[in-house]
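Visitor: Hi! I have a structure to look at today and I'm new to this. Could you walk me through it?

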Amino acid sequence: MKKVTFLLAAILVFGVSNLAKAQDSDAHKLYIKIEKQAMIAIEGENSTDVRFESDAFDKAGEEITFKSVNNSNKLWLNYSSIVNKGGTNTISAKVSSLPAGLKIQVAASESVSNSDKKGHTGTGHTVDLTTGGVTIVDGIKSCYTGSGSKKGHELVYSVSTDENNYGLLEADNIDLTVTYTISEN
């Protein structure tokens, strides 16, 4: 009887140990690498070219003024950004040359509220363009604005005279390039 009980006990222990092994688990590691990156684009509804022409004087003694020839063409600054922990990106703008006697200003609106925008987009500013570059959007964290017109920051240009250098103005056709660069702070 002892042998039978011992045999039954051994079978029971062996069977329970096999059940315990059936409930065993295993694991492995999963690695994810997210690269720091940033990209920008200028999008226009019709074109990305902006044209200004001087207005004719209304009467003698007035200064020259400028109007946008294609003011229906709106430009939009789109970007995507992934930053390092605690980091931010900025977008700067610079002009290829600054004509004597003129000031060129660009305003980047606050980021447009749209369903495509996600994350922490930056804050837009109004700046006088220089050949060295000035910050137009700052505080950009990991985000994206959406792509295309009416996404991101609207860009609005204006041209005016530089009162301190008005005497340097000359009649001319001037072609300039405005370059936008996104960089890490």
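Guide: Happy to! One term to begin with: pLDDT is the predictor's confidence in each residue, from 0 to 100. You need it here since this is a predicted model, where local features need pLDDT of at least 70, side-chain atom pairs count only at pLDDT 80 or more, and totals for chains, interfaces and linings use all residues. Residues are numbered from 1 along each chain as its sequence is written, and side-chain values use heavy atoms, leaving out hydrogens and water.

Visitor: Okay, what's the average pLDDT of the chain?

Guide: The protein chain averages 88, and 86% of the residues score at least 70.

Visitor: Which elements have the lowest and highest mean pLDDT?

Guide: Helix α1 (residues 2–22) has the lowest mean, 54, while β5 has the highest, 98. Helices (H or I, at least four residues) and strands (E, at least two) are DSSP runs, numbered from the N terminus.

Visitor: How many helices and strands are there?

Guide: The protein chain has 1 helix and 13 strands.

Visitor: How many bridges join β5 to β10?

Guide: There are 4 bridges between β5 (residues 89–95) and β10 (residues 134–140), and these two strands run antiparallel. If you want a pair to find on screen, Ile91 stands opposite Val137 in β10.

Visitor: Let me pick a residue in β5. Is Asn89 buried or exposed?

Guide: Asn89, which lies in strand β5, counts as buried because its relative accessibility is 6%. The cut-offs are under 20% relative accessible area for buried, over 50% for exposed, and partly exposed in between (1.4 Å probe, protein chains only).

Visitor: What does the side chain of Asn89 reach?

Guide: The Asn89 side chain reaches the backbone nitrogen of Glu184 at 3.5 Å. There is also a polar contact of 2.8 Å between the side chains of Asn89 and Ser81. A polar contact is a pair of N or O atoms within 3.5 Å; within protein, one must be able to donate a hydrogen and the other to accept it, and residues adjacent in sequence count only if both atoms are side-chain atoms.

Visitor: And which residues does Asn89 touch?

Guide: Leaving out residues up to four places away in sequence, Asn89 touches several residues, including Ala38, Val83, Asp138 and Ile182. Contact means heavy atoms within 4.5 Å.

Visitor: Switching topic: how many salt bridges are there?

Guide: A search of the whole structure finds 5. A salt bridge is a side-chain nitrogen of Lys or Arg within 4 Å of a carboxyl oxygen of Asp or Glu.

Visitor: Why would side chains like that pair up?

Guide: Side chains of opposite charge can pair when their charged atoms come close.

Visitor: Now the loops. Where does Lys150 lie?

Guide: Lys150 lies in the loop between β11 (143–144) and β12 (153–161). Its relative accessible area is 53%, so Lys150 counts as exposed.

Visitor: What is the phi of Lys150?

Guide: Phi of Lys150 is near 65 degrees, a positive value in a residue other than glycine. For background, most residues other than glycine have a negative phi.

Definitions and conventions: Pairing = 2+ DSSP bridges.
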